[in-house]
Amino acid sequence: MSRVLLFTGKGGVGKTTLSAATAATLAAHGRKALVVSTDPAHSLGDALDVRLGAEPSEVDGSAGLYACQIDPRGLVDEAWGDLRGHLRTVLAGAGVDEIDAEELTVLPGVEELLALSEVRRLASSGPWEVVVVDCGPTAETLRLLSLPEAFAGYLERLFPTHRRVVRGLLAGVAGTGTVEKWDATADALSRLAERLDALRSMLTDSSSCSVRLVLTPERVVAAETRRTLTALALQGIRVDSVIANRLVPSPGSARGAAATWLRTRRHEQDAVLAELTGIGEIRMVDHRASEPVGVPALLEVAEQLYGDEDPLPGAAVAESLLEVSGSGRGLDARYSLRIALPLADDTELDLARVGDDLALTVDGRRRLVALPSLLRRCIVTGAEMDSGGVTVGFRPDPALWR
């Protein structure tokens, strides 16, 4: 499968330009690269100065560079229409009102989900070494990247994996004909579930997929970037780079009103970037006098962005989200679970024990963290938070400890 680089950031920060520039420089250095837009704004063609369709095509005058703009609506009509028809038939046959059946089969986020599935198909079937994805604004991207898991949960609740239970229910309610229709629907759902599992595997595999966050040096944008870093880490998705775009060039020793304005503005931008501590190296790109449009202009942006470095570094070693430590023995033992997450000082955090899982909610985003077997027999004693994550304390539960 091709390496996948997902570019996202707050709307208007220049992620389309930087994703196109990255793909262009990869192709210029001999790597076949496909740049894909899932952003509904579809400005990728404008950045490349070419007309794009839903199928990949080579960009004129740039060997090895391909591009396309995914059409979610077309994917829905093609891939989801038949399955929705099957589901409505089965639900109606089981006694569900026609209107209710229609509502139950309108799954939220299906367009975005199919767009992401199309990215995976292109990455697994095309001749490209790298697939660069121009995603929508941050909020939409976070929702998009959480869809495979949420969508799978929705289907599981609507149509459980244990087909025999549902089959028996339908047989008693609607007869053999409905059961046969259910079998066809269940097969289609199984294929969809396999695609969802493959999507989740791709997104959380740090050796094949990573995110590059684009920001402009403004306090509101920087604050959103911090929250995005935390949200992606919570989902197990790796961020391999943060890019600060549109930095005002330093006027040096020049004088005059314009130079004073530039110096003041750059000082403010530097102050914002200085506050983004603990998130690793930040790449810088200057604000340009003219908009970079077309491959030659994009290559100039990429030269400043990457310099002599490889835009596609080696595959990362997967980092563990959880780390367990402890001391003592038996009922006197004390354990701690470290959950690695980049957290800001104003992060709102909530923890709850849910069976064998720990429900972790960060700034309104929730994830169930499966507890290691040792800690499932323990009681939570407290938690502490710092900029690098959360440490949860445990002690053995006398009722369960053996």
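Is Arg-121 buried, partly exposed or exposed? I looked it up: Arg-121 is partly exposed, with a relative accessible area of 37%.

**Ground rules**

I'm working with a predicted model, where local features need pLDDT of at least 70 and side-chain atom pairs count only at pLDDT 80 or more, while totals for chains, interfaces and linings use all residues. Residues are numbered from 1 along each chain as its sequence is written, and side-chain values use heavy atoms, with hydrogens and water left out.

**Whole chain**

I started with the secondary structure and got 11 helices and 15 strands. Both are DSSP runs numbered from the N terminus: helices are H or I with at least four residues, strands are E with at least two. Of the 402 residues, 44% count as buried. The chain exposes about 19900 Å², and carbon and sulfur atoms supply 50% of that. Those areas come from the Shrake-Rupley method with a 1.4 Å probe; for residues, only the protein chains shown count as cover.

Next I checked contacts, meaning heavy atoms within 4.5 Å. Among contacts between residues at least 6 apart in sequence, 69% join residues at least 24 apart.

**Salt bridges**

How many salt bridges does a search of the whole structure find? It finds 12. To count, a side-chain nitrogen of Lys or Arg must lie within 4 Å of a carboxyl oxygen of Asp or Glu.

I went back to Arg-121 and found that it forms a salt bridge with Glu-118, the closest N and O atoms being 2.7 Å apart. The two residues are separated by about one helical turn, because they sit 3 residues apart in helix α5. Glu-118 is buried, with a relative accessible area of 12%.

Then I looked at Glu-224, whose side chain meets that of Lys-10 in a salt bridge (3.4 Å, N to O). Glu-224 lies in helix α9 and Lys-10 in the loop between β1 (3–9) and α1 (15–28), so the pair ties together parts that are 214 residues apart in sequence. Helix α9 covers residues 219–234. Glu-224 is buried at 17% relative accessible area, whereas Lys-10 is partly exposed at 30%. Leaving aside neighbours within four places in sequence, Glu-224 is in contact with Lys-10 and Thr-138.

My next pair was Glu-129 and Arg-31, with their closest N and O atoms 3.1 Å apart in a salt bridge. Glu-129 is in the loop between α5 and β5 and Arg-31 in the loop between α1 and β2 (33–37), so this pair ties together parts 98 residues apart in sequence. Glu-129 counts as partly exposed at 38% relative accessibility, and Arg-31 counts as partly exposed at 22%. I also noted that Arg-31, Glu-129 and Asp-310 are linked in a network of salt bridges.

**Aromatic rings**

I found 1 aromatic pair in the structure. The rings of Tyr-66 and Trp-128 have centres 6.0 Å apart and planes at 70°, so the pair is edge-to-face. The pair links distant parts of the chain, 62 residues apart: Tyr-66 is in strand β4 (residues 65–69) and Trp-128 in the loop between α5 (110–125) and β5 (130–137). For the cut-offs, rings of Phe, Tyr and Trp (its six-membered ring) pair if their centres lie within 6.5 Å; planes under 30 degrees apart count as stacked, over 60 as edge-to-face and the rest as tilted. Tyr-66 and Trp-128 are both buried.

**Strands**

Strands of a sheet pair through backbone hydrogen bonds, either parallel or antiparallel. For my notes, two strands pair if DSSP finds at least two bridges between them.

I traced an open sheet of 4 strands, in the order β9-β10-β15-β14, with antiparallel pairing. Its edge strands are β9 (322–327) and β14 (378–386), each pairing on one side only. I counted 8 bridges joining β14 to β15 (residues 389–396).

Which two strands form a hairpin with 2 residues between them? They are β12 and β13, and Asp-363 in the turn has a positive phi of about 50°. Strands β12 (residues 357–362) and β13 (residues 365–370) pair in the antiparallel sense over 6 bridges. The bridge partner of Thr-361 is Arg-366 in β13.

**Last stop: Val-285**

Val-285 lies in strand β8 (residues 282–286). At 1% relative accessibility, Val-285 counts as buried. Leaving aside neighbours within four places in sequence, I listed its contacts, among them Leu-18, Ile-243 and Val-301.

Terms used. Buried < 20%, exposed > 50% of the residue type's maximum accessible area, 1.4 Å probe, protein only.
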